[in-house]
Amino acid sequence: MKFDNIIIGGGLSGLTCGIKLAEQGKKCAIVSSGQSAIHFFSGSFDLLGKANGEEVTNPLESMKSLPENHPYKRVGLDKIERLTNDALHLLVRSGLNLNGQADRNHYTLTPMGVMKPTWLTLSDFTSFDQKDSFPWKKAVILNFSGFLDFHTLFIKDGLKKFDVHAQIKTVSMKQFDAIRKNPSEMRSTNIAKEFDKENAIEEFAQKANVLSDGFDVVILPAVFGLFNKTIADKLKEKIEKPVLLLPAIPPSVPGIRTQITLRERFQELGGTYLLGDNVEEGVFENGRLLEIRTNNHGDIKFEADQFILASGSFYSKGIVATHDKLYEPIFGLDIDGDSNREKWFDEKIFNDQAFMHYGVKTDQKFRALMNGEPVENLYVAGSVLGGANPLKEGSGAGISLLTSLHAAEQILK
Amino acid sequence: MNKNRSKEYDVIIIGGGATGAGTARDCAMRGLSVLLVERHDFATGATGRNHGLLHSGARYAVTDHESAAECIEENMILRKIANHCIEENNGLFLTLPEDDIAFQSQFVDACSSAGISTEIIDPKLALRMEPSANPDIIGAVKVPDGSVDPFRLTMSNALDAKLKGADILTQHEVVDILKDQDRVNGVELFDHEKKEKAKYYGKIVCNAAGIWGHNIARFAGVNINMFPAKGSLLIFGHRVNKMVLNRCRKPANADILVPGDTICLIGTTSERIPIEEIDNMYVSKDDVDVLIREGVKLSPSLATTRILRAYAGVRPLVAADDDPSGRSISRGIVLMDHKERDGLEGFITITGGKLMTYRLMAEEATDLICKKLDVDKKCETANIPLPGSEKSDETLNNVSQKVYSINGITQKSAKDRHGSLAHKIAQGDENEDSMVCECEGVSIGEVKYAINELHVNNLIDLRRRTRVGMGTCQGELCACRAAGLLCESMEEPGKAKDDLANFLQERWKGMSPIAWGETINEIQFTSWIYEGIYGLKPDNN
């Protein structure tokens, strides 16, 4: 099978890259091994939340202080602002409703009740302008009886800092009787599936309206709209008070919906999405990747002019660690990271962990290095790139979106 | 001030390990008024940091006849009194091609003279009995080894002591031993929860603090010549072996693989460390490499089995008084009457020994305490089962069938963990049956039972009682769920957030020495959830 471009990895960067290329008329395939980091999406795309230990207000400005090997710096700060606009528009064209801007972070409330700076937030969630004030005085936090993945007391405790009087109430719904019978089934996606059917939303809204009498805002777990893209809006219409959704323990319902939305966009543009397949090996010749072979397709080869590796970090298995080495498991590309495992970790879990910075080595054009030499037509994008600790910086989504757009532009040149 | 100040106990026991808890039980059973104090939580020292091996004694048969004989005797007693803490797995002593097969007959003879039953098994048959064993073995001997859960064992002793009237203070650290001239008459404690000091008085103070007993003795002004020996172990994420696997040779590094609950353990190394380091146990890269290399010889599949954690404990070895260099160290039980030894009345130390002999150590210590208090009562701990292990008219199965109607996994797990006490776990309504920890099958009901009845101060304690967070995810999802429940009972959410952060740090300590493969993936994911999405910080208050 022959494509113009083949993308390895179906997460945020793989999909972004695929959509961009497909929008420009390229015949693309994405090979995705399964779930991606979008499945534990908080509801916001971060660009840069922290730099040099300080909280960032203007990400575009603060990027200047990042180290030279940071992916943003390597893309080129002159291009970043344009790419942030492109990313936003690409996501909006795909059908996501987002709020936020690249030159000024806004804040979202975490499930610990802490305000966190971010770039783009799904319209399901509430964006705040200020980190030290909360627009409501009296909040009711509603949870479903038997749902353990939403921590109301932590939220209540966090809201104390804003002088908010919060009360926790529980809602019982007969629609959940069946899933509550099995003790491991009362999880966010199963609740969302019930609400997707639309017959539970009316009753829930009525209950919420009764329970929120006398309060200014209703706080709920973000378990609305898995496949049904309108249910979160319907809920907000039916509840008389403002609704503030907060993330629950993954899997993230808005995250899965986002993944589906982007995948559908890619497929509508004619892209081929191979789900549950793994790239096993590649055939190289004269510094070029000619073709790849996948697990599901046996001896059927996939050829392309350019390939993009967007296989993610450790948890996505884009990079693998053993007791004596780090490696890139598909092609054996060069790794930017220490081979001595004693150097990977800090003994304090909340400190900056060295392994978080590790990734595949590339040249200036983001082409993968193999034995020190660039592979002419293999680009690298997203969190499989090294050079940043996206967790500490609050830059994970930004790096994924911008490096994949950058890779797409290299290919489209 | 504290209401207990004016009360004088018959005995104050220092140390919430198996020995301390066992001594508290024994003393309480003999009618003494008892205070048990522990600076952290039950089983946080050497008790909770070993193989969890129910020794048959075979390991010591050739080199230490006395220890071997003690072990097999206590082994048989524990099967009776602590059945719910024990898995009767049996063990094999394997001879590898690199080992001397001649050792086998010497080993079998030594076992039989210590009273340990052995059976020489044809290697082919041994491999059928235990398919995970190294296929190259040239000899195998079956012995009555088993597995014991030291957390459960210690907790059962503490619970029983409490049922019989003992007072128990965890999170209370001894900061001084109180004396009146040549007589010890109490302890000064620092309460880590309330951050305040208080004095407690007793006729006898029993030092059962393991290696930390070195410092306790110093408070009393006496010197015990202790030599800390660090032993490191690895926990694997699956239970690859059904029987305990040992090397049939003189005891050496990393030659025992013990199955327990859902996992198996390889250990140990042995290394003398300075006394200053006993609170700072870390497992080095070399320790890990030795454990894997030797472990794979026992069971080759360990090479590809995920490692969950690495940890180390400190054996409290005591040198004879006339041997300050520690050259001829005993691994046996050491009971010191400081009246006889140092002219200090009211103070005794029970140390040395092994988890296997905790009950015997408790018996010997209690005998001495009774003698000093002039109490004439016989020890009954070898005959009366621990709570959770009692025989009843109904089989355990029937009890649990009755109390649980819905869920198989949590039902079985809870029964395994709490024995006949499982009926105390609330159930029946779906809220109580909901699963907190999916790896280990822990329900809300079980967590609540532990919080209400088993002295749980924080998430790390909860883990020791219920196995929350001990499975393959190492607390990735369940920690937050359990923190939520703990938070409800404490009504101090700020503290619960710190507790959650501490719990993740404690899990990380054991993961970082072996954090490659799935573990590095898991920790990255966990960090994204807690730090990335939740915004948890190391210090939330």
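Chain B contains 18 helices and 23 strands. The structure discussed here is a predicted model.

**Chain B as a whole**

The overall dimensions of chain B can be compared with a simple expectation. A compact globule of 541 residues would have a radius of gyration near 24 Å, and chain B, at 23 Å, agrees with this. The C-alpha trace of chain B spans about 65 × 60 × 50 Å along its principal axes. Of the 541 residues in chain B, 61% are buried. Contacts in chain B between residues at least 6 apart in sequence were also examined: 71% of them join residues at least 24 apart.

| Property of chain B | Value |
|---|---|
| Radius of gyration | 23 Å |
| Span of the C-alpha trace along the principal axes | about 65 × 60 × 50 Å |
| Buried share of the 541 residues | 61% |
| Share of contacts (at least 6 apart) that join residues at least 24 apart | 71% |

**The contact between the chains**

Chain A gives 39 residues to the contact, and chain B gives 43 residues. On the side of chain A that touches chain B, the elements that give two or more residues are α5 (152-160) and α6 (177-181). The largest share, four residues, comes from α5(A). Sorted by class, this side of chain A has 20 nonpolar, nine polar and ten charged residues.

**Domains of chain A**

Chain A is divided into domain 1, which covers 2-102 and 257-412, and domain 2, which covers 137-241. The C-alpha centres of domain 1 and domain 2 of chain A are 34 Å apart.

**Helix α10 of chain A**

Helix α10(A) takes in residues 253-268. After α10(A) comes Gly270(A), which has a positive phi near 95°.

**A sheet in chain A**

The antiparallel strands β3(A) and β9(A) are joined by two bridges. Ser44(A) has Thr121(A) in β9(A) as its bridge partner.

Key: Residues are numbered from 1 along each chain as its sequence is written. Chains are lettered from A and ligands numbered from 1 in the order in which they are written. This is a predicted model: local features need pLDDT of at least 70, side-chain atom pairs count only at pLDDT 80 or more; totals for chains, interfaces and linings use all residues. Two residues are in contact if their C-beta atoms, placed from the backbone, lie within 7 Å. Ala, Val, Leu, Ile, Met, Phe, Trp, Tyr, Cys and Pro count as nonpolar, Asp, Glu, Lys and Arg as charged, and the others, Gly among them, as polar. Domain bounds come from an automatic or database domain assignment. The radius of gyration is taken over C-alpha atoms; the globule rule is 2.2 Å times the number of residues to the power 0.38. A residue is buried if 20 or more other C-beta atoms lie within 10 Å of its own, exposed if 12 or fewer, and partly exposed in between; C-beta atoms are placed from the backbone. Two strands pair if DSSP finds at least two bridges between them.
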